[in-house]
Amino acid sequence: MLTAPLVLGVETSCDDTGLGLARGRSLLRHLVVGQPQHAATEGVVPQVAAAAHLEALDPLFDRLLAEEGVTRSDVEAIGVTAGPGLAGCLAVGASWALGLGAALDVPVVAVHHLEAHLHSLWAAEPQPEDFPVLALLASGGHTALLGWDGKSRPSELARTRDDAAGEALDKVARLLDLGFPGGAALEALAAEGDSKAVRFPVPLRDAAGFSFSGLKTAARRRHEAGGVEARDLAASFQAAVVAHLMDQARKALAGPWAGFALVGGVAANGPLRVAAAGVAAEAGVPLHLPPLALATDNGGMVALAAAAALAAGDRPPVTDLRPRWPLEAA
Ligand code: KG4
Ligand code: ZN
């Protein structure tokens, strides 16, 4: 049997510069650097992010090759996130990848960022036989329930009507002076707090979809009113976000699913992972989780997604970048 090609994955869609190396279904190694530049502005400034990607890519690639003990000419194919994401950031990653692809004379394939998040699931466990899987994607830019057959583009079953879950967590973290992005810091503070200190209603109990803006406003009002400890507000808000995500997932899991998965940056959240295990057990389906290091944006998931596409004989070219790239589009 021929060995699968060594695939380099390139992720620059937002504020993490990620590179990964995969061979077939195996992720060999990945490295990611964040952009502390955005802490001062408490949000991603697109042109600052694009410039930071440009600076980070070459040294990160050299480090990745050295740590894996391979050379640049060992790379046999490249996958790069072509969207959705910030236009300037996508452009930096794509031109870097296309330049390298031309120099090495290897194919460069376009990867959909949300599909790459789904492939992060198979970095630590073999891809299961049983599909379709219901996946809850919760990140800084997206919150949706996806139906996935493991092969083709997933279909979107429900999405947020306003903020993404990660965005709401980041905004409340900012309120509590926890830095940006603040999801992980909020989780750490919440671990010391009382999740029952503040009662938040669960949004959209009787409807499908997600909505976080009401919860976020309620948290801000409660904070401004005073008299509540930051750690208690953090714990209560995180519990409300988890309850809402799990309420929608539980309802959707009433369908004929063969598994439940959690992906995206918010999938790094401990209490969410624990709650998801309960929801999957209740529905009688296996739970698939990405390793913690692969929940937030990284190049490993892009390498895995590109390797899967190449193995299926699919070579979507990087002809245009898609800052908005609906899942339904080719
Ligand atoms: O997937 P991702 O890295 O980027 C996007 O595609 O948006 O997700 C980033 C989001 C941020 O909002 C960040 O605060 C959140 O994921 N996040 C977390 C945790 N780690 C990252 N949220 C809750 N708990 C965490 N441990
Ligand atoms: Zn992402």
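This is a predicted model: local features need pLDDT of at least 70, side-chain atom pairs count only at pLDDT 80 or more; totals for chains, interfaces and linings use all residues.
Local features need pLDDT of at least 70, side-chain atom pairs count only at pLDDT 80 or more, and totals for chains, interfaces and linings use all residues. Residues are numbered from 1 along each chain as its sequence is written, and side-chain values use heavy atoms, without hydrogens and water.

Helix α6 spans residues 183-190 and helix α8 residues 230-252. Helices are DSSP runs (H or I, at least four residues), numbered from the N terminus. The two axes come within 8 Å and cross at roughly 110°. Axes are lines fitted to C-alpha atoms over the stretch in contact, with angles from 0 to 180 degrees between N-to-C directions. α6 and α8 are therefore roughly perpendicular to each other (65 to 115 degrees). On the α6 side, Leu 186, Glu 187, Leu 189 and Ala 190 make the contact (heavy atoms within 4.5 Å). Their partners in α8 are Ala 230, Arg 231, Ala 234, Ala 235 and Gln 238. By class, this contact has 6 nonpolar, 1 polar and 2 charged residues (Ala, Val, Leu, Ile, Met, Phe, Trp, Tyr, Cys and Pro nonpolar; Asp, Glu, Lys and Arg charged; the others, Gly among them, polar).

A search of the whole structure finds 1 cavity of 30 Å³ or more. A cavity is a set of points on a 1 Å grid over the protein atoms alone where a 1.4 Å probe fits but cannot get out; lining residues have an atom within 4 Å of a point. The lining includes Leu 169, Gln 238, Val 241 and Asn 269. α8 gives the most to this lining, with 4 residues. The lining has 6 nonpolar, 2 polar and no charged residues.

Conventions: Chains are lettered from A and ligands numbered from 1 in the order in which they are written. Helices (H or I, at least four residues) and strands (E, at least two) are DSSP runs, numbered from the N terminus. Angles under 35 degrees count as roughly parallel, over 145 as roughly antiparallel, 65 to 115 as roughly perpendicular and the rest as oblique. On a 1 Å grid over the protein atoms alone, a cavity is a set of points where a 1.4 Å probe fits but cannot get out, and a pocket is an open set with protein on both sides within 12 Å along at least five of seven lines; lining residues have an atom within 4 Å of a point. Grid points are joined across faces, edges and corners, and a volume is the space filled by probe spheres set on the points.
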